[in-house]
Structures are given as C-alpha cells and as structure tokens.
Amino acid sequence: MRRIILLWTFTIFGITNCVMAQDVAVKTNLLSDAFMNINLGMEVGLAPKWTLDLTGEFNGWTLSHNRRWKHWAVQPEARHWFCDRFAGHFLGIHVHGGQYNIGGFDGKINFLGTDARKLKDTRYQGWFAGAGVAYGYAWILSRHWNLEAEIGLGYAYTRYDRFRCAGCGKKIEENKPHHYVGPTKAAINLVYLF
C-alpha cells in the first residue's frame, strides 16, 4: 500500500512539474464522501482537449454490528474534452484496481451476476482489476471552482476468498474468480482548478 501511494505521489509530481495555471485540478467525489470513503483526485492537462485524471479512494472503517466495507481503489482515466478542457462534455477511458474486505450487510440486490444477498452471512476479501469507458460534463462555477458529473460502464475481474461470517469465520471458498460487467464509475466531483 505504501509503495502504491509513493508511486502515485512521484507520478503526479513528475507530471505536474512543468504545468502552468488552469492545467491542474484537485477534486473530491461527493458521492464517495457521503459513504465515508476518503477520496482524492488530481487531473492534469496534457493537450488542449486532453487531460489525465487519477483518483484514489480508501475506506478502512469497521461499522457497527461487525459490518465491513473496507477497500482501497485507484482509477486513472484519459479524458477527451469536446470544447475546452475542464469545461463541458467529455469522454473518458479508465482502468481500475484495488482490494476489498466486505461483509455483514443485508444486501437485497442481485444485479448483473453479482449477488449482494450473500453479504449478510459471509465476508469477501480479495482484489479486482478492470477497465471501462465514461461520459461526463463539467459546469464552471467560478474561476477556480467546477462541478463535474460522470458515469462509467466497464468490466472488472476479481478473485476473492469467502469466509463464513462477517467478522471472523472459517474460509469456505478460496481464490474464486468472478467477472463483472456493469457500472464502474459514478461521480459528482467538486473540482478546484489551479
């Protein structure tokens, strides 16, 4: 985890070392904030209509009644803006990856082959990686502030171990693969432009 953060820091520093004003943005996803997921994104201009966005997210909380929603994830995305960068419509291509430890929730959803009903009595611990495409729009609020909405669809491959109960338990499945196709990104970002 520390190596990933260090690599991310050096990458951002290397990219932003020679950028000028209105070429860098820092953002937070308000939807993730609502679910207590600590997140931070940075976007840098590469060309007049191209930017590179890098978003990271972390949730390390154990909730009441031994429920878990722990994870970390990163999602770099190349964006093409139809007008000027950081304003108006854009399309993005992203990759994503991370690790998770989730269980103890009374999920009542069976969506696209992912059965959240199993989260009530079991815990899943594993990793994921994938890619997707996204569409978004950025509204200019002032010289330095934007509001951005984005939705993405894609694919994620995951491998996990499943445990008998949410907080402990005997391992009942090991190194099991799962393929997911569906929403891979939903964001309402509050953006600060430098």
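I'm counting a residue as buried under 20% relative accessible area, exposed over 50% and partly exposed in between, using a 1.4 Å probe and protein chains only. By that cut-off, 39% of the protein's 194 residues come out buried.

Notes on what I'm working from. The model is predicted, so I take local features only at pLDDT of at least 70 and side-chain atom pairs only at pLDDT 80 or more, while totals for chains, interfaces and linings use all residues. Residues are numbered from 1 along each chain as its sequence is written, and side-chain values use heavy atoms, with hydrogens and water left out.

**Overall layout**

I looked up the secondary structure next, taking helices (H or I, at least four residues) and strands (E, at least two) as DSSP runs numbered from the N terminus. I get two helices and ten strands. Along the sequence the order reads α-β-α-β-β-β-β-β-β-β-β-β.

For contacts I used heavy atoms within 4.5 Å. Among contacts with a separation of 6 or more, 61% are between residues 24 or more positions apart. The protein exposes about 11300 Å², of which carbon and sulfur atoms supply 67%; the areas are Shrake-Rupley values with a 1.4 Å probe, and for residues only the protein chains shown count as cover.

**Around β8**

Which strands does β8 pair with? I call two strands paired if DSSP finds at least two bridges between them. β8 (residues 123–140) runs antiparallel to β5, with 16 bridges joining them. On that side, I find N101 bridged to Q125 in β8. β8 also pairs with β9 (residues 145–163), again antiparallel, over 18 bridges. There V133 stands opposite L153 of β9. β8 and β9 make a hairpin, and four residues sit between them.

**Core**

My rule for a nonpolar core is a set of buried Ala, Val, Leu, Ile, Met, Phe, Trp, Tyr and Cys residues joined through side-chain atoms within 4.5 Å. The largest one has eight residues: A73, Y100, I102, F105, L119, Y124, F128 and Y160. β5 and β8 each give at least two residues to this core. I then checked F128 by itself. Leaving aside residues up to four places away in sequence, F128 touches W72, A73, H96, G97, G98, Q99, Y100, Y157 and T158.

**Salt bridges**

I count a salt bridge when a side-chain nitrogen of Lys or Arg is within 4 Å of a carboxyl oxygen of Asp or Glu. That gives 15 salt bridges.

One of them pairs D23 with R85, at 2.2 Å from N to O. D23 is in the loop between α1 (2–16) and β1 (24–29) and R85 in the loop between β4 and β5, so this pair ties together parts 62 residues apart in sequence. I have D23 as buried, at 12% relative accessibility, and R85 as partly exposed, at 21%.

R79 makes a salt bridge with D53, with the closest N and O atoms 3.9 Å apart. This links R79 in strand β4 to D53 in strand β3 (residues 50–59), 26 residues apart. R79 and D53 are both buried. R79 also has a salt bridge to E148, at 3.1 Å from N to O. That one links E148 in strand β9 with R79 in strand β4, 69 residues apart. Salt bridges with shared partners join K27, E43, D53, E77, R79, E148, E150 and K185 into one network.

**Surface patch**

For patches I used residues with over 30% relative accessible area and no salt bridge, joining like charges within 9 Å and nonpolar side chains (Val, Leu, Ile, Met, Phe, Trp, Tyr) within 5 Å. L30, L31, W139, L141, W145, I188 and L190 make a nonpolar patch of about 600 Å². The elements giving two or more residues to the patch are α2 and β10 (171–193). I looked at L30 in helix α2; L30 is partly exposed, with a relative accessible area of 37%.

**Positive phi**

Most residues other than glycine have a negative phi, so I noted two exceptions. M36 has phi near 60°. M36 lies in the loop between α2 (30–34) and β2 (38–47), and is partly exposed at 48% relative accessible area. F86 has a phi of about 70°. F86 is in the loop between β4 (68–81) and β5 (88–103). Is F86 buried or exposed? F86 is buried, with a relative accessible area of 5%.
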